[in-house]
Structure formats: structure tokens, C-alpha cells
Amino acid sequence: MISEPADHAHGILPLYGQPERVLARARGCRLVDAQGRRYVDFESGVWAANLGHAHPAVNRAIRRSLTTVMHQGYAFRSAEAETLAAQLARLHGLPGARSVFLSSGSEAVNLGLQIAMQLSGRRRFVRLDSSYLSAFGYGRLAADNDQRIDLRCDDLAAVDAVPWHEAAALVLEVGGASLEVVRFPHEDFVARAVEAARRAGARLVCNEVTTGFGRTGRWFGYQHYGLLPQLVACGKALGNGYPVSALTVDAEVAAALDAQPLRYAQSHQNDPGGCAAANAVIEALEAGDWVARGAAVGEHFAARLAALRQHRPQQVLEVRGRGLMLALQLADEALAQRVARRLFERGQVVGQRGASLRFMPPLTVTKAMVDTLVREIGHALDAEPGAPR
Ligand SMILES: Cc1ncc(COP(=O)(O)O)c(C=O)c1O
């Protein structure tokens with residue numbers, strides 16, 4: 001039985017907000033809090049539960065690993081990890097690729113950068129200024145991180161100004177869900193940056209922590225750009241909420257690492273438990289055709305948001321996104337905050353940053369759930385003082 005703590009802040013460091021309500025149950029797209037209030041989760045937790053919460057097949061795989069082997073030492077191989085490595089090589093279209101499995105997206109991105117740096121002997125890397133990379137390490141956003149070279153997203157001239165020969169890697173995160181509240185760079189900009197990196201010998205690291213596993217209407221965000229990554233980091237949806245991440249490297253990088261091995265010790269490395277969860281996630285996504293089905297619901301969702309904008313052009317400035325990674329830019333931040341708050345009170349959990357609302361529901365979300373949310377957004381906007389009638 002989960003009960004609400006008397007003092008909601010007690011004992012927990014408020015590092016990212018200070019929520020008040022306690023969640024009691026999560027299943028599919030639906031959440032129920034300790035007071036019995038019901039919600040639809042348009043954030044998929046932190047953009048992880050692409051199959052919906054408590055997916056039965058994923059839960060079965062986790063339970064199985066709990067009673068066989070969930071975690072093990074470096075003395076053993078793991079069949080679950082090797083199966084998952086083969087699955088990722090297939091999904092990425094990278095024959096001869098190899099993977100390592102960690103716990104968080106930040107770890108996978110940082111390890112990718114560490115490998116690119118070791119192999120090139122260079123200590124810097126380029127990222128798009130629209131993209132988030134990691135909570136710590138090379139990718140951290142701190143102003144004193146001089147290893148990071150920020151490239152202005154969609155600025156073609158800026159591509160030529162990058163000191164590419166200092167860069168071990170170009171890290172491409174094509175969704176920009178965190179910092180820009182969903183932003184996909186233009187194809188010609190990406191092509192130019194990737195070509196400049198390639199010519200200078202900087203490797204392409206694709207960050208698919210957020211855009212992976214069907215989120216953008218394809219299996220991986222880089223596929224919208226016709227790219228093949230040399231290194232690719234995945235997390236979040238890989239475990240559908242269970243903390244497991246992956247760094248996959250192509251055959252060339254794998255061979256280079258054979259010649260120049262990297263020693264990397266982390267307790268949770270290739271854990272059978274996380275890999276079992278991830279294998280079940282991939283199997284369920286494929287069996288249910290959820291990438292294509294999520295893309296179809298995403299199109300419906302985007303069309304409904306576009307209609308909302310058409311009827312309320314003063315309040316709704318822009319609809320952006322791909323697949324089920326969508327955003328609605330409102331007239332200002334205060335309006336977005338009020339609308340998000342009202343939606344929460346009405347049982348609709350959405351993201352909000354600046355003037356934008358963000359929607360990244362499970363791929364299993366229904367058109368009816370989408371229609372209800374869009375109706376609620378309309379009501380919230382109509383309730384604003386001075387709203388057009
Ligand atoms: C694009 C992107 N990369 C990396 C990360 C880091 O992943 P994690 O929070 O699992 O460490 C995030 C987290 O939100 C992200 O959005």
C-alpha cells in the first residue's frame with residue numbers, strides 16, 4: 001500500500017523540481033496516484049515507457065531474470081547481453097557492430113565520446129546547441145566544459161567555422177526534446193555537418209537516448225537523415241523504464257578498439273537483467289508493429305494540434321515534431337505554465353518548458369486519448385481571459 005508522505009520534501013534532494021503527489025500505479029498509458037486520481041501519461045515517465053508502463057512481456061522477462069541471474073561479475077558471459085548486441089546490430093543495420101550495456105543514457109553517451117577521443121587522440125567534440133547529452137562528464141552543459149564545441153543548429157555558415165580537426169566526434173541528437181522542446185534540424189544542415197566531420201576524421205556519434213525505439217516514427221531518429229552512425233548511444237525506451245542503456249560501435253570502431261583496447265570498469269555492465277528487459281522490449285515493439293502504429297497515431301495527433309492552432313492563432317504559435325515526439329508552442333511561458341497545470345489537474349500529464357508544451361506518450365497511446373487531450377488543451381485555452389470566443 002502506497003501512502004502519501006506527510007511532508008512531501010522530506011528526505012529527498014529537490015534536484016529537479018519538488019513534486020507533491022505520489023504515484024501508486026502505472027499501467028499502459030494510465031497512472032493512478034495515491035489519492036486515486038487518474039492520469040494519462042503523455043511523457044512516458046521520462047520518455048522511456050514507449051510500450052506503456054508495466055508491459056506484461058517486459059515484466060515477465062524482468063521477473064525471470066530476478067530468479068535466474070540479474071547481475072553478475074566480470075568472470076562470465078551473458079547470453080541475454082549477446083542476444084541484445086545482435087538485435088541492435090540488426091536494427092541499426094551495422095553488421096559486425098559490438099555493444100556494451102550500461103545503466104543510463106548519460107553513461108552511454110560519455111563512453112561513446114571517451115572511445116572516440118581515445119581512438120583519435122583528440123580531446124574535443126562537437127554537439128548541436130539544441131541537444132542535451134548527459135547529466136555529467138564530457139557531455140555536461142556547464143559553461144566551463146571546454147571540450148564541447150557548440151554548433152548552432154541549422155546555421156550552415158557555422159558548420160564551416162567549427163575547428164573540425166580538433167574534434168574526435170560529432171554528436172548528433174536529432175530530436176532536441178530537452179533543450180529546444182522538440183527540434184529536428186534541417187536535412188541540408190545535418191548533411192553538411194556530417195560531411196565536414198567525416199572529412200576531418202571526426203567520428204559520428206548518434207545520440208538516440210530519446211529518439212530511439214520508434215519515438216520519432218522510425219526505429220531511430222538518424223534514419224530520417226539517411227545516416228549510418230559509427231557509434232550510437234541508446235537508453236530510456238531500451239528498457240521501457242528499467243534502467244539499461246547501450247553503446248553500439250560499428251565494425252571499424254570495434255576493430256580499432258581491438259588494436260587499442262579500452263579498459264572500462266562499471267559495476268552494472270552487460271547485466272543480464274537489463275539486457276533481458278531490453279530483449280523483451282524489442283520483441284514486443286516488433287510483434288505489435290508499434291513503431292508504425294505509433295507513427296500513425298503521431299500523424300493524427302499532429303493534425304489535431306494543427307487544427308487547434310488554426311482555430312487559436314493568437315494563443316498557439318507553432319506545432320513541431322515527428323512521430324510521437326510533438327510540441328505545441330504557445331504565445332508565452334506563463335500561458336504554457338497555466339495550461340500545463342490545468343491539464344495536470346484534469347489528469348493529463350504533459351511536458352512544459354518555456355512557452356512550449358511537449359507530448360511524448362507511449363507508442364501505444366490511442367487516438368481517443370489524443371483527442372481527449374487536445375480537447376482539454378482547447379478548453380484550457382478558452383478559459384484564458386481574453387480568449388477569442
Ligand atoms: C537526448 C538525451 N541524451 C542523453 C540523456 C541522458 O540520459 P539519462 O538521463 O538516462 O542519463 C537524455 C536525458 O534526458 C536525453 O534526453
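How many residues does helix H3 have, and how far does it reach from its first C-alpha to its last? I looked this up first. Helix H3 (residues 79-92) has 14 residues and reaches 20 Å, close to the 20 Å expected at 1.5 Å a residue. The expected span is 1.5 Å times one less than the number of residues in the helix.

Before going on, I noted the ground rules. The model is predicted, so I kept to these limits: local features need pLDDT of at least 70, side-chain atom pairs count only at pLDDT 80 or more, and totals for chains, interfaces and linings use all residues. Residues are numbered from 1 along each chain as its sequence is written, and side-chain values use heavy atoms, with hydrogens and water left out.

**Whole protein**

I found eleven helices and 15 strands in the protein. Helices (H or I, at least four residues) and strands (E, at least two) are DSSP runs, numbered from the N terminus. The radius of gyration is 21 Å, close to the 21 Å that the globule rule gives for 389 residues, so the protein is as compact as a globular protein of that length. That radius is taken over C-alpha atoms, and the globule rule is 2.2 Å times the number of residues to the power 0.38.

I looked up the box next: the C-alpha atoms fill roughly 65 × 55 × 40 Å along the principal axes. Buried residues make up 53% of the 389. Buried means under 20% relative accessible area, exposed over 50%, and partly exposed in between (1.4 Å probe, protein chains only). Of the contacts with a separation of 6 or more, 72% are between residues 24 or more positions apart; contact means heavy atoms within 4.5 Å.

**Helices H3 and H8**

I went back to H3 for its buried residues, which are Ala81, Leu84, Ala85, Gln87, Leu88, Ala89, Leu91 and His92. They pack against strand S4 (98-102), strand S9 (231-234), strand S10 (245-249) and H8.

H8 is mostly covered, with 13 of its 16 residues buried. Asp289 follows H8 and has a positive phi, near 55°.

**Positive phi elsewhere**

I noted that Ser44 is not a glycine, yet its phi is positive, about 50°. Ser44 belongs to helix H1 (residues 44-47) and counts as buried at 1% relative accessibility.

Val181 is not a glycine either, and its phi is also positive, about 50°. I placed Val181 in the loop between strand S7 (167-172) and helix H6 (187-200). With a relative accessible area of 4%, Val181 is buried.

**Gly175 and Thr211**

Gly175 sits in the loop between S7 and H6 and is buried, with a relative accessible area of 0%. Leaving aside neighbours within four places in sequence, I listed its contacts as Val182, Arg183, Phe184, Thr211 and Met325. The C-alpha atoms of Gly175 and Thr216 are separated by 8.1 Å, and the two residues are 41 apart along the chain.

Thr211 came last. I found Thr211 in the loop between strand S8 (203-207) and S9, buried at 0% relative accessibility. Thr211 and Arg322 are 111 residues apart in sequence and 9.9 Å apart in space, C-alpha to C-alpha.
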